[in-house]
Amino acid sequence: NNVFNDTDFKITDGVAADKMFKALSIRKTNELVAYGLAGDKAPSLKKFAGEHLEADDYHKAMKDPNAVIIDVRNAYESAIGHFAPPSGGAKLIDPKMRNSIEFPKWLNSEETQKALNGKKVLMYCTGGIRCERATALLNQMSTVSEQLKPEGVYHCRGGIERYVKTYPSGGFWKGKNYLFDKRMEQTPDVKDDTAVEKDINSKCCLCRANFTVYRNQFKCSRSLCGVPVIVCTTCTATAVEKPTSLMCELCREGYKAPSEVPNLVAMKRKAEMMVGDSPAPSELHPLSKKPKVFYKDRIFLRRVPLTATFTKIKKSLGEDKVRQLVWLVDKESGAFYGSCIVLLSSPSDMKQIIDRSLSQGGVKVDKKRIKVAEVFEKDDEDVIFNHSSQQKEYPPIGTVMLSR
């Protein structure tokens, strides 16, 4: 069954038992994210989907001064973490949404369209799901509007979650990634907790002291709001006794979201008539995703223990099968994060190792089962082997870990 071939599964290791999901549930729903875009209002992902950028390409795109970055999450999520593009790079835009249903109204406003017109638009969200609909809506809207013509619409494949794993020291990400499960939040793996806290400016809604944690499901008491608010440990009792005193940051500043709702059904019909059977803008753009071509003599290893060495990996895979190994490291800290690429002696060796990794026993290094996958070709990837110096026996430690 190939129904899950295009599914972008995300695997997280080391989660405490009390924070794991107890079961997997699969059910049909009209709308996964409540944008108000269900049924006839839903923009076609096939015709209007935005372009996926891998985390490293998204990182580069944030340096573009003609780009704008849109956080399509709710404002209370952005309060504890967001991207901070480099000076002279892209401009970050916060739609200030209390909930996702406000997004079409915000996108429809004259002020928003003026800010996006002629710009490269980069969207992001927690794991990439909300951006699928959000980018499609923008592309659909720009198809029928003469005042809204962005120079490409992109989003980060796998969202913040994938970006933070790609850049364990944070990259351009500042703060915490708000999560909707028992983990509550995600932070860069090798970034010190104190440094993470310093990146965040969120405050307790009562005493205004710096605080970065949502606890006890406290909500804004203002009419028709009800979004989560931050209450520090000192103010918890007050919040319980006087729930009407709780107020979110948007209500505190008196912010009112745009109220004009676009005619989504008419817009969709007009846009689809204009594009006909044309492919999505992402398929026409030069940065669009190319078919993956895999190397026949190398494999990608992940979940490799930090105690691994070149000798141990050779012994595990087969002394005569391994020609060379490149330890993959964080681009900023230089620290090994549990992945490497192995150059093998032949295509048959690759097939044997991958088949063994899928067997019951799997492939193990230092008694820990590791993940094995094929490596797809990139334009400059062969450089890592052609110009490598003497084989390194141990994975790099990196400057961040040395300073701890």
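## Aromatic pairs

A search of the whole structure finds twelve aromatic pairs (rings of Phe, Tyr and Trp, with its six-membered ring, pair if their centres lie within 6.5 Å; planes under 30 degrees apart count as stacked, over 60 as edge-to-face and the rest as tilted). One of them joins Y58 and F83, a tilted pair with 5.8 Å from centre to centre and 45 degrees between the planes. This pair links distant parts of the chain, with Y58 in helix α2 (residues 55–61) and F83 in strand β3, 25 residues apart. Helices (H or I, at least four residues) and strands (E, at least two) are DSSP runs, numbered from the N terminus.

Are Y58 and F83 buried or exposed? Both are buried, which means under 20% relative accessible area, using a 1.4 Å probe and protein chains only (over 50% is exposed, and in between is partly exposed). Y58 and F83 also belong to one aromatic cluster with Y124, Y163, Y167 and W173.

## About the model

This is a predicted model, in which local features need pLDDT of at least 70 and side-chain atom pairs count only at pLDDT 80 or more, while totals for chains, interfaces and linings use all residues. Residues are numbered from 1 along each chain as its sequence is written, and side-chain values use heavy atoms, leaving out hydrogens and water.

## A covered strand and helix

Strands pair if DSSP finds at least two bridges between them. β2 pairs in the parallel sense with β5 (residues 120–124) over five bridges, and A67 stands opposite K120 there. With β4 (residues 91–93), β2 has a parallel pairing over three bridges, where V68 stands opposite K91.

Now look at helix α7 (residues 159–166), which is mostly covered, with six of its eight residues buried. Those six are G159, I160, E161, R162, Y163 and V164.

## A second ring pair and a charge

W327 and F336 have ring centres 5.3 Å apart and planes at 80 degrees, so this pair is edge-to-face. W327 counts as buried at 8% relative accessibility, and F336 is buried with a relative accessible area of 5%.

Elsewhere, R298 lies over the face of Y295, at 3.8 Å from the ring centre (a charge sits over a ring if NZ of Lys or CZ of Arg is within 6 Å of the ring centre and within 35 degrees of the ring normal).
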